[in-house]
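Subject: Model for you, with notes on the contact between chains

Hello,

Here is the structure for you to open. My notes follow below it.

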Amino acid sequence: MSQQLVQEPNPWLALVGIAVPGAGHWLSGEKQKAIGIFLLIHLVVLVAILGGAAVAPPIPPEPAYAASLSQSDPIGSTMRTMERVAQSSSGISVWATKFMGYYRPFDGTFTNTFYTNLLSLAGLLNLLSAFYLFDKQRLIAKHMAAVVANARKEKKG
Amino acid sequence: MSHFHYVLIFLLASSFMAALLHAEDRSEFVSHFVRRFLTPLGAFAGVSWVMFLLGQL
């Protein structure tokens with residue numbers, strides 16, 4: 001039983017289980033719940049995207065507000081400026097492009113971002129497996145404690 | 001110390017820790033450590049050279 005518990009899962013399957021809403025429930029046999037979660041998450045995301053577009057004001061704000069120069073609301077003004085800066089990077093693809101180093105040609109040195117980032121991902125994978133293996137040690141200790149408790153109970157009874 | 005060195009130290013430390021937790025004995029530790037640390041580095045070196053040579057064409 002403990003052997004089944006501590007068996008390392010297929011990492012690609014684990015990735016699917018994390019990335020696809022409801023996949024974990026589907027894999028554990030709760031198909032109805034999985035379909036429900038999948039539909040619910042997609043509904044929420046679609047409502048957030050389409051609803052946001054639907055309720056966006058058609059009237060432009062005043063120029064001082066738009067330029068983040070409103071003296072009466074310095075904190076809100078700063079937050080709007082920061083939001084605009086964040087939005088100007090226009091999404092995850094720009095981040096991914098920068099992260100993977102597509103903006104710089106390969107130069108055959110250690111300053112290349114692409115492979116350095118792949119190496120750091122390998123390190124993160126090692127870190128994750130270290131946490132998993134800590135949990136494996138915990139499960140083994142728990143199983144041993146149960147075995148010892150059973151043995152004691154049988155000895156008494 | 002460049003960013004690369006920090007990444008390298010991180011990979012070294014994390015692969016050491018994971019191999020230590022994964023292995024039952026010394027030989028198993030060595031094989032796990034090689035798999036977790038030297039394989040990504042080897043891939044890095046190999047693919048880097050391939051890309052460099054392709055760039056020279």
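Four residue pairs are in polar contact between chain B and chain A, both residues at pLDDT 80 or more. A polar contact is a pair of N or O atoms within 3.5 Å; within protein, one must be able to donate a hydrogen and the other to accept it, and residues adjacent in sequence count only if both atoms are side-chain atoms. On the side of chain B that touches chain A, α1 (3-22) and α2 (26-56) each supply at least two residues. The largest share, 12 residues, comes from α1(B). Helices are DSSP runs (H or I, at least four residues), numbered from the N terminus.

This is a predicted model: local features need pLDDT of at least 70, side-chain atom pairs count only at pLDDT 80 or more, and totals for chains, interfaces and linings use all residues. Residues are numbered from 1 along each chain as its sequence is written, chains are lettered from A and ligands numbered from 1 in the order written, and side-chain values use heavy atoms, leaving out hydrogens and water.

In total, 20 residues of chain B contact 19 residues of chain A (contact: heavy atoms within 4.5 Å).

Now look at Arg36(B), in helix α2 of chain B. Arg36(B) counts as buried because its relative accessibility is 15% (buried: under 20% relative accessible area, 1.4 Å probe, protein chains only). Its side chain makes a polar contact of 3.2 Å with that of Asn126(A). Arg36(B) also touches Ser129(A) and Leu133(A), and within its own chain residues including Leu11(B) and Ser15(B).

Best wishes

Notes. Buried < 20%, exposed > 50% of the residue type's maximum accessible area, 1.4 Å probe, protein only. Lists of a residue's contacts leave out its neighbours within four places in sequence.
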